[in-house]
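Subject: Structure handover

Hello,

Here is the structure you asked for. Please keep it open while you read the notes that follow.

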Amino acid sequence: MVSLTIYLTYRRGKNLFHKFKCHSTFFFSLGATCWQICGALRYCHSGSECGKIQKLIPNEKPNRVGLFWDLDNKPPNSIPPYEVANKLRIAASSFGVVRYMVAYANSHTFSHIPQCVRERRKERELLYRLEKKGVIKPNQPYRCKVCGRKFYTNEKLVNHFKQLHEREHVKRMNQIESARGNRRVKLVGKYSMKMEKYKKAASDILTPKVGYGLEDELKRAGFWVRTVLDKPQAADRALQSHMVDVMDHRRVECVVLVSDDSDFVDVIKEAKLRCLKTVVIGDIDDGFLKRTADTAFSWEEILMGKAKKQAVSVVKNWKDRDILRTLEWTYNPDADKKKFDLDNTISEASEDDHTEIEDTCDEVDDIYLNGYRKNPNPFLKSKSI
């Protein structure tokens, strides 16, 4: 007879096992349901509607674009260089993926200060003097873009920036230059954000010592800037050789040139002969350079953003032209003669038939000779029979 304690212990264990079984079944079913939900939402992401299959065009590769800028011919005089560089990059990206952004100029272009920039600087200096004397007050205080402190005169902001942030930047640069190997790499990664923040603030607060900051602003926008010798046509030759080298290695499918110089006509013609798309950006509407290229835009259209809207139709026309080229039929007499030359086919067939007849005749002769050797006179054999 089983005791009461043993029976109760058995019932408790059975209940616990039953509960565990129920809980495990519940969680297993819950996990399966979650897995099904995750599987259903697997192909959905932010910005797309659930349940819709996104249409992807197979085997479609975007064009690789090279942006080449002749700064000696088309410098951004009245417009901030960083803004112009970004506008050009946005316009070029409408034709494909921008892989190269190159700008060539001599040292005179980078050190020269345009007249409009000089007038702006004179107006700012006069305004800062009146603020210092207390004649006028700014509507909003000047804010330091590095630390965020506020100042009510521009002179105090400049002094603060030079005494604090410029010294810190010089210390960082000296520390990076003195380091070697892995330590230098770690320091560059550590100070990269601070140095980038300092450069952006310095371009607005400090006046450039040489020129008006053209080279630094273009580099900040992502351009590869190259300075050539102060000789006539030196920048044009260097830029032309760079473009030809890129075309020789088939690194781009679209060439975007920023210039009005007619010396680049031969390079544009060469690009078209190599089946590359060509775009010219300049101010001369009736220039021979623009007529040679596939499409052209003015400086005003680039700055106002019209070029990006028009680039959609241009790219569509390029695609239609490529499709028509693949469907075009051209008469090639040599190829057609080889493909449909009946005389050769007839002669080859006759030769094959002749060889087959000769082979069959040889086989018949061999059979007859073998039979004759066994029975030289077959008629006698038949007569005896």
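Is D294 buried, partly exposed or exposed? D294 counts as partly exposed because its relative accessibility is 26%; buried means under 20% relative accessible area, exposed means over 50%, and partly exposed lies in between, with a 1.4 Å probe and protein chains only.

Two notes on how to read the values. This is a predicted model, in which local features need pLDDT of at least 70 and side-chain atom pairs count only at pLDDT 80 or more, while totals for chains, interfaces and linings use all residues. Residues are numbered from 1 along each chain as its sequence is written, and side-chain values use heavy atoms, with hydrogens and water left out.

**The whole chain**

The protein chain has 15 helices and 8 strands. These are DSSP runs numbered from the N terminus (helices: H or I, at least four residues; strands: E, at least two). Of the 385 residues in the protein chain, 28% are buried. The chain exposes about 28,200 Å², and carbon and sulfur atoms supply 56% of that area; accessible areas come from the Shrake-Rupley method with a 1.4 Å probe, and for residues only the protein chains shown count as cover. Among the contacts in the chain with a separation of 6 or more, 63% are between residues 24 or more positions apart. Contact means heavy atoms within 4.5 Å.

**Salt bridges**

The structure holds 12 salt bridges (a side-chain nitrogen of Lys or Arg within 4 Å of a carboxyl oxygen of Asp or Glu). One of them joins K272 and D294, with the closest N and O atoms 3.7 Å apart. K272 is in helix 9 and D294 is in the loop between helix 10 (288-292) and strand 8 (295-297), so this pair ties together parts that are 22 residues apart in sequence. K272 is partly exposed, as its relative accessible area is 36%. Salt bridges that share partners also join K74, D260 and D283 into one network.

R274 and E270 form another salt bridge, with 2.9 Å between the closest N and O atoms. R274 counts as partly exposed at 24% relative accessibility, and E270 does too, at 29%.

**Helix 5**

Helix 5 (residues 154-178) has 25 residues and reaches 35 Å from its first C-alpha to its last, close to the 36 Å expected at 1.5 Å a residue. The expected span is 1.5 Å times one less than the number of residues. At K162, helix 5 bends by about 35°, the bend being the angle between axes fitted to the seven residues ending there and the seven starting there. Its buried residues include L157, F161, H165 and R172. The buried residues of helix 5 pack against helix 4, strand 3, strand 4 (150-151) and helix 6 (182-205).

Within helix 5, E168 and R172 are 4 residues apart, about one turn of the helix. They form a salt bridge with the closest N and O atoms 3.6 Å apart. R172 is buried because its relative accessible area is 13%, whereas E168 counts as partly exposed at 32% relative accessibility.

**A buried loop residue**

S259 is in the loop between strand 6 (254-258) and helix 9 (265-273). S259 counts as buried because its relative accessibility is 0%. Not counting residues up to four places away in sequence, S259 touches several residues, including D70, K74, F264 and G282. S259 and G282 are 23 residues apart in sequence and 5.5 Å apart in space, C-alpha to C-alpha.

Regards
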